[in-house]
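I opened my notebook to look up a few things in this model.

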Amino acid sequence: MPSTTVADMNPISSKLRPGIELIDPSDLDSGLMQTWRRLQAGNPLLRSPFFSVAFLQAVAHVRSDVEIAILRDGDTIKGFFPFHRRPGARGAPLAAPIADYQGIVGEAPEAMNPRDLLVACGLSTYDFDHALRDTPLFERNAFRQTGSPLIDLSGGIETWRAGRLNSGSALKNVERKLRKMERELGPVRFETDDKAADTWTTFLTWKRAAIAAMGARFVLDQPWAMQVLERIRSTDQPEFSGRLSSLYAGDRLVAAHFGMRSENTWHWWFPTYDNAASRYTPGLGLLLHCVRQAANEGLTEIDLGRGDERYKKEFANETRALCEGSLERGLTPPGAARRFRKFTYRTAETVLPPRYLDLKRRAFNRLLRAGQV
């Protein structure tokens, strides 16, 4: 029987295989962080704040199971692969399930295969559901393709607005209802980053109630997730900051949203609104004010996150391609289960309606504990 070394099982801060080194987040020195930022800035697909080193640091501050694989090609660092080490040698994406983007900051060397990466990290599996489809390592191992709608402002806000007006009446209706709300409730006021404690409390109360009405659990009720948001909220750097944006009518708070900003992108993350003011669509009114603010700041996009909600289709003018799947070592029981899952999903895709296909996908996620932190 082949021998198994300690490094194979949990190889922290050691070189394991040619081109792969595993470190703890605390080992990220100034040089490595500079390389991280350079790799992120060098690829427009990585502009999301979820790929920022500051987001990693916020998560690693409250969770002890975060590790980073440094991917090298010779002496050159090609990418950083952050993940959570979970029981049973499972790997989970950084901050899943609250992270809307996952994967490698940079790229994997062309010669690297999934088994090399997993063995080096001491993992049998790694599940992902918000990975960039443009990353070959993930695209080749996906069973489902999705996308993240986004508001592309690179051509200017007037270009975006003209495109939305030409595609339908949604934007015109939002502008009309904002004027109606101002007439009936009082002057509309927008706060880019509202620091009031009452606003934060109301935001959480509204969001929790909205999620409960859907029969779901509020993810931020997990202590670690709330702690991550609190740290992000208190972060204000040129390349990364948290923002609680709000919309008032008179003195009344009618909508709030907590998101993150990188150098180029504002990510639309946790929106909510006063249900008693729903006839004015205040949530969409807030989004429109955020679009205007983003344009004023020179940001190139507002990323609305994965989902097929109607407002995302109406506001978005671009989509970033994502995928869902897993990396696995096929000879391990967890790996064999994930290969079976891919086969059955691809087979069912040809015969099942989308609704039942999605139920099947969710059932497998629960059964395999796929990507859970």
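Helices and strands here are DSSP runs, numbered from the N terminus. I note that the model is predicted.

**Pocket.** I looked up the second largest pocket. Its space is about 340 Å³. I found 20 residues in its lining, and Gly106, Glu107, Ala108, Thr135 and Pro136 lie nearest the centre. Strand β4 (76–86) and helix α5 (136–139) each give at least two lining residues. The largest share is three residues, from β4. I sorted the lining into 11 nonpolar, four polar and five charged residues.

**Aromatic rings.** I searched the whole structure and got 14 aromatic pairs. Phe50 and Phe55 have ring centres 5.1 Å apart and planes at 80 degrees, so this pair is edge-to-face. Phe128 and Phe138 are also edge-to-face, at 4.9 Å centre to centre and 65 degrees between the planes. Phe128 sits in strand β7 (residues 125–132) and Phe138 in helix α5, so their pair ties together parts 10 residues apart in sequence. Are these two buried or exposed? Buried means under 20% relative accessible area. Phe128 has 3%, so I count it as buried. Phe138 has 1%, so it is buried too.

I also found one aromatic cluster, with Phe50, Phe55, Trp200, Phe203, Phe258, Trp269 and Phe270.

**Charges over rings.** The charged end of Arg189 sits over the ring of Tyr248, 4.1 Å from its centre. For Arg243 I found the charged end over the ring of Trp266, 4.6 Å from its centre.

**Helix α9.** I checked residues 223–233. The buried ones are Trp224, Ala225, Met226, Val228, Leu229, Ile232 and Arg233. Their cover includes α3, α8, β11, β12 and β13.

Technical notes:
Residues numbered from 1 in each chain as written. Predicted model: local features only at pLDDT ≥ 70, side-chain atom pairs only at ≥ 80, totals over all residues. Heavy atoms only, no water. Buried < 20%, exposed > 50% of the residue type's maximum accessible area, 1.4 Å probe, protein only. Helix = DSSP H or I, 4+ residues; strand = E, 2+ residues; numbered from the N terminus. Contact = heavy atoms within 4.5 Å. 1 Å grid on protein atoms, 1.4 Å probe; cavity = no way out; pocket = protein on both sides within 12 Å on 5 of 7 lines; lining within 4 Å. Points joined across faces, edges and corners; volume = space filled by probe spheres on them. Nonpolar A, V, L, I, M, F, W, Y, C, P; charged D, E, K, R; others polar. Phe/Tyr/Trp six-rings, centres within 6.5 Å; stacked < 30°, edge-to-face > 60°. Lys NZ or Arg CZ within 6 Å of the ring centre and 35° of its normal.
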